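Biologist: I have a new structure open and would like to learn how to read it. Can you walk me through it?

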Amino acid sequence: MIASGRGALKLHLPFISSTRFELVRFSKLALPPVLHQVLRVSPIHFGSIRSGLLFQIPKLRQRCASSSSLASENLSMAKEPVKYSVVDAFTESAFKGNPAAVCLLDEERDRQWKQAVAAEFNISETCFLNKISDSRFTIRFFTPLTEVDLCGHATLAASHAVFSSGLVDSDVIEFETLAGVLTVKKIPAKSVNNGETDDGFYMEFGFPADHPVELNSPEISQVSAALNVKAASIVEVKKTKNTNDIFVVLESGAAVKEVQPQIDEIVKYPGRGLIVTGSAPSESGFDFFSRFFSPKLGINEDPVCGSAHCSLATYWSKKLQKCDFNAYQASSRGGVLKIHLDEQNQRVLLRGKAVTVMEGSILV
């Protein structure tokens, strides 16, 4: 035992006599590093020898060895690096569409760690996968600020990562989300593009249809100010049922592209965010344009939002009297979605491509 006081540090040593010779012999002993540290920083006073003394060098060495062994064990038990990929969803080109970080976990991590990782990536969505069986995974979605139940573009990104990495042999995978089980199908691009030469593949999954409803008292002037557009260009203002988004229809797709959102105003609105849409120019090859703003989730403008198209599909189905759409999200990155509205089952089927742009490991 090492007993310390204000003026001295006393070492009680049972095998050291009071002779000068043995005191010198003791000073040459190979002591454990921890004791050397103590000897360097503290005055030493060697007390008298007594039987049954409290300190023995062998015991100290044994304790130091145990501490060293424990440190080695803790080091070997450190978390393994987490593999991740960054995937651009709803695009065929790198640095377009909507990026999502896809993290494949070998063991479960706590929610606080996942949120910290999502904040570190600081892109619209980061998802975390745990493999349950050959073609089934749990998946959780995080924005830079919070966890969400479901995310369309991150689902597409995760599916692309799984199919491309050879983690599954099937063309169908299932994700267990907080909103239920979500099935994703891998579809050869040729079958989607009428047999045209294309070696890539699409991924298809379905979300519940979301029908925009009338607002009790839409204040056009406030919406106009929030979007920095003329009030005359606003055709109607609605609200989505499932996501509680403000749903704004403008006179044209060109007007949608010209929107200059006032984020400080949009963040004041209730609900998740604000969807803006308008009919696409006939020469564009698209049915409608859209944009989506969600500053409450830490996403001022979502480059491409799958879930927003669950209400866009139902709205434009009534307007255009059709169930299949080629949609373009007119953010600065841009994104393309192929959509089918299954009216009988009230599902919106979303199809898209994706591109992996980055791979690495999370070390902590």
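Modeller: Helices (H or I, at least four residues) and strands (E, at least two) are DSSP runs, numbered from the N terminus. In helix α5, the buried residues are G152, H153, A154, T155, L156, A157, A158, S159, H160, A161, V162 and F163. That's twelve of the 14 residues, and α5 is mostly covered.

Modeller: A word on the source: this is a predicted model, where local features need pLDDT of at least 70, side-chain atom pairs count only at pLDDT 80 or more, and totals for chains, interfaces and linings use all residues. Residues are numbered from 1 along each chain as its sequence is written, and side-chain values use heavy atoms, with hydrogens and water left out.

Biologist: How many helices and strands does the protein chain have?

Modeller: Ten helices and 21 strands. Buried residues make up 44% of the chain's 364 residues.

Biologist: What span should helix α5 have, at 1.5 Å a residue?

Modeller: The expected span of a helix is 1.5 Å times one less than its number of residues. For α5, residues 152-165, that gives 20 Å, and its end C-alpha atoms are 20 Å apart, so the two agree. After α5 comes G166, with a positive phi near 80 degrees.

Biologist: Is S159 buried or exposed?

Modeller: S159, which sits in α5, is buried, with a relative accessible area of 0%. Contact means heavy atoms within 4.5 Å. Leaving aside neighbours within four places in sequence, S159 is in contact with I173, F175, V184 and M203.

Biologist: Which residues touch the most other members of the largest nonpolar core?

Modeller: A nonpolar core is a set of buried Ala, Val, Leu, Ile, Met, Phe, Trp, Tyr and Cys residues joined through side-chain atoms within 4.5 Å. The largest one here has 52 residues, and V102, C127, L129, F175, F205, I339 and V348 touch the most other members. Helix α5 supplies the largest share of this core, seven residues. At least three residues come from each of domain 1 (82-207 + 358-362) and domain 2 (212-345), with bounds from an automatic or database domain assignment.

Biologist: Which residues are included in the second, separate core?

Modeller: V223, V237, V248 and L274 are among its 19 residues.

Conventions
Buried < 20%, exposed > 50% of the residue type's maximum accessible area, 1.4 Å probe, protein only.
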